[in-house]
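I opened the model to look at a few local features. My notes follow in the order I took them.

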Amino acid sequence: MSEKAIQLLSIDKRFGAVHANRAIDLDVKKGTIHGIIGENGAGKSTLMSILYGFYEADSGEIRINGERKRIRSSADAIAAGIGMVHQHFMLVEPMSVVENVMLGAEGGTLTMRGMEKARAEIRRLGADYGLLVDPDAIVGELSVGLQQRVEIIKALFRGAEILILDEPTGVLTPAEAEQLFEVLAELRRQGRTILLITHKLKEIMAITDEVSVMRRGEMVAHRKTAETNPRELAALMVGREIAHPQKGASQAPGAPLLEVENLAVKDARGVMRVSDVSFMVRAGEIVGIAGVSGNGQSELIEAISGMIRRNGGTVTLCGQPVPAEADAAETRNLGLAHVPEDRLRMGLVTSFSAYESAILGHQDRPQFSKGPLIDRDAAIADTEDKMKRFDVRPPDPLLKTANFSGGNQQKIVLAREIETGPDVLIVAQPTRGVDVGAIAFIHRQILDLKAKGKAILLVSVELDEIFALTDRVLVMCGGRVVGERITDETDQNEIGLLMAGMEAAPAIGTPAEMRP
Amino acid sequence: MMETYLGLLNLLDSTLRLAIPLLCACLAGLYSERSGVVDIGLEGKMLAAAFAAAAGAIAFNSAMMGLLLGVIVSVLLALVHGYACITQRGNQIVTGIAINMLAAGLTALLGNAWYREGGRTPQLDGAARFGDLTLPFAEAARNIPVIGTFYAEVISGHPLPVYLALLAVPLTFFLLYRTRWGLRLRAVGENPAAVDTAGVSVARLRYSAVIVCGILCGLGGTYIAAAQAAIFLPNMTAGKGFMALAALIFAKWRPVAALGACLLFGLLEAMAIRLEGVPLPVIGQVPVQAIQALPYLLTVILLAGFVGRAIPPKASGIPYVKER
């Protein structure tokens, strides 16, 4: 089994001044699962886009099964037997599964006969690989895990021998990810080749045969998975050893600073998104909210921070009740800071300079004001100072926000929110799309705040993050809190089951009163 | 009784006549928007087609030549819209407005330069005008009560473009839901990236949709000038292109529903014409302007409250840019 399914020879690609891929060489053996790992912006996605015909390389050569190929469009890639499951699914939501699967491979001017064939093929693939899905279901009504199945079926339907998966587990529950890996293992058994792109070391270790590491546009290492370890891979990705911050012992919790009672939120269509949620966060404590995204976490924190109205229940900040009609400015004045889950949509204005983004929401404070005008010099000086302390690179307050990497954008938001000295901090998905080095830095900042006796509510879909930081964890499913655990007394397996809405077996050592 | 029935048939007959330009524009917009290109230039394309059809019909003394020229001019304008919106990824609204202004100005200017009658063309008559077609058995069917009369009075006796427009409805349904092209068209308006990654050219699909849009606008414009009015008058489309967009939303971008919506709007217009100067019980004589405003008023009310959620194709209005 040493035949090469894919061979890349000194692939080079520039976007203007950015050298996204430098002289990349890659060999992928047939019938293996090959991992590609690297930080955001390391050039993994660009490389895969070249392989799938989204871009053409400036120079270099692609060989598929030993044969030189020119791949200039997705149609070329499909013809060469390459299929791709994109990170953001390429599905047409209002259409049915079968329509999505046959799109572009209809097999004739009229769709009738092709549709019957596709339906049969979907059933066959479902049976062969454990990819069961109803061919006539509307894609938009399927769960994310099932939508991903449709994407895999789409690729297999086109006869893909080589399957590229770009960050496939980002949106899945642990159980769904497990199922996906079983499917991948089955595909490997049947001789297909899989390229798995991820930033999760655990997945690389769990399923791949070989792994290649990318850093800053270069392929820096190839390893057999059996002959490496997560520590070495992490160091290769970042180019240095990373010191992960330690959680430290739990302190005796202080007074409750954030109290939420029976909170309810309805969406615009009147559907309950959050129902009957109660909890408290004490001083010097980090409470995590775990859950598959879309289970009410977003609505919960937006209601607490005053971005949307709550439809019932009470919120108390530092002992003071928060009025139902309070907006984000009012909750901020009561001592709340909020690092929103989507920094590009809610945290920053990407077309602003960094200093403008860094004072957003605080522009009326006397230190940034000159009468009715903004004191530009003061704002720039303040931002420069924050950038130094938060290690934002490049430390240029005049650079457009959009031009910073995800990790550095997140540091700008974090600096802005932390520096006001809040008593309560809500952080949502603080390390989504953030590279490994910045993750460690951001985690350290959050732990520092805890040491200073602040109350922190951490919402994350990454269980690793929940376990690395929190003292207590609440699990949300279907808009309700379905379980609460002391972090040190539970494990990812139990939390994963709760996230999936399944009744977890009582954890050993969990006091009875902690069970839901 | 017979009298009332004939009156009703008469009303339905003019409903159909008034609905045809709307239907052409509405289906045209359906193709364009289903592919992801918003077209508020329907009005301008119809107006330009109306002028070209009238001028062509006069020059060649042939209504069919008028139709051909009307369609050609409309398709050319559609291609301008397509080039700006698809190839150059320009703003679709701005381009649409530009086409409307261009058509309004250019038709009046050329009309005045060529015919020197203040922008209008001479009356079209004889072979230059589409004559009414009598469908087979229409005269024989007239004697069959109710259905036969309906067939003879309402269905039969219209010029060719009416039947072409009506045929376009089932044809559109078939194309959209039974063919490969239709599947791709529906997909590209929702998620062009899905079509692109499936190995199908987004630009080619959208151009094909925009061309079909041009053909239908050409048919609608030709009908107005070379069949309905038998003359070209400046600005004679009178907002029909915009009404068609409203009908399209009302129909939720579906072909058969589009026919229904256009017929409803046609009926409102026909009733408005009928009610002019007629004293109504209780209210008395209603001012002409109020009656004329009725279709528009009802459009607003219908769109605001009775359609439910009308969700447009998700990618309509957004130029497609490849990204990773």
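Entry 1: I began with Gln429(A), which is buried, with a relative accessible area of 5%. That is under the 20% cut-off for buried. I kept in mind that this is a predicted model. I then placed Gln429(A) in the chain: the residue is in the loop between strand E19 (424-428) and helix H15 (436-451) of chain A. Its phi is positive, about 40 degrees, although Gln429(A) is not a glycine. I noted the background: most residues other than glycine have a negative phi.

I looked up Cys318(A) next. Phi of Cys318(A) is near 50 degrees, again a positive value in a residue other than glycine. Cys318(A) sits in the loop between E14 and E15 of chain A. Is Cys318(A) buried, partly exposed or exposed? Its relative accessibility is 29%, so I logged Cys318(A) as partly exposed.

**Entry 2: a cis bond.** I checked omega at Pro394(A). The peptide bond from Arg393(A) to Pro394(A) is cis, and omega is near -10 degrees. Most peptide bonds are trans. Pro394(A) belongs to the loop that runs between helix H13 (376-389) and helix H14 (406-418) of chain A.

**Entry 3: the sheet in chain A.** I traced the strand order. Four strands of chain A make an open sheet, E12-E11-E14-E15, with antiparallel pairing. Which strands stand at the edges? They are E12 (272-282) and E15 (320-321) of chain A; each has a single partner strand, so one side of each lacks a neighbour in the sheet. I followed the pairing of E11 (residues 256-266) with E12(A): it is antiparallel and covers seven bridges. In that pair, Lys266(A) is opposite Met272(A) of E12(A). I also found a helix on this sheet. H9 (residues 297-304) of chain A lies across E11, E12 and strand E14 (314-317), at about 120 degrees to E11(A).

**Entry 4: two helices in chain B.** I turned to H2 (residues 42-60) and H4 (residues 92-115) of chain B. Their axes come within 7 Å and cross at roughly 20 degrees. The angle is under 35 degrees, which means that H2(B) is roughly parallel to H4(B). The crossing of H2(B) past H4(B) is left-handed. I listed the contact residues. From H2(B) they include Leu47(B), Phe51(B) and Ile58(B); from H4(B) they include Ile99(B), Leu110(B) and Trp114(B). What classes make up the contact of H2(B) with H4(B)? I logged twelve nonpolar, four polar and two charged residues.

How values were computed
Residues are numbered from 1 along each chain as its sequence is written. Chains are lettered from A and ligands numbered from 1 in the order in which they are written. This is a predicted model: local features need pLDDT of at least 70, side-chain atom pairs count only at pLDDT 80 or more; totals for chains, interfaces and linings use all residues. Side-chain values use heavy atoms; hydrogens and water are left out. Two strands pair if DSSP finds at least two bridges between them. Contact means heavy atoms within 4.5 Å. Axes are lines fitted to C-alpha atoms, for helices over the stretch in contact, and angles run from 0 to 180 degrees between N-to-C directions. Buried means under 20% relative accessible area, exposed over 50%, partly exposed in between (1.4 Å probe, protein chains only). Angles under 35 degrees count as roughly parallel, over 145 as roughly antiparallel, 65 to 115 as roughly perpendicular and the rest as oblique. A crossing is left-handed if the near helix is turned anticlockwise from the far one by less than a right angle, and right-handed if clockwise. Ala, Val, Leu, Ile, Met, Phe, Trp, Tyr, Cys and Pro count as nonpolar, Asp, Glu, Lys and Arg as charged, and the others, Gly among them, as polar.
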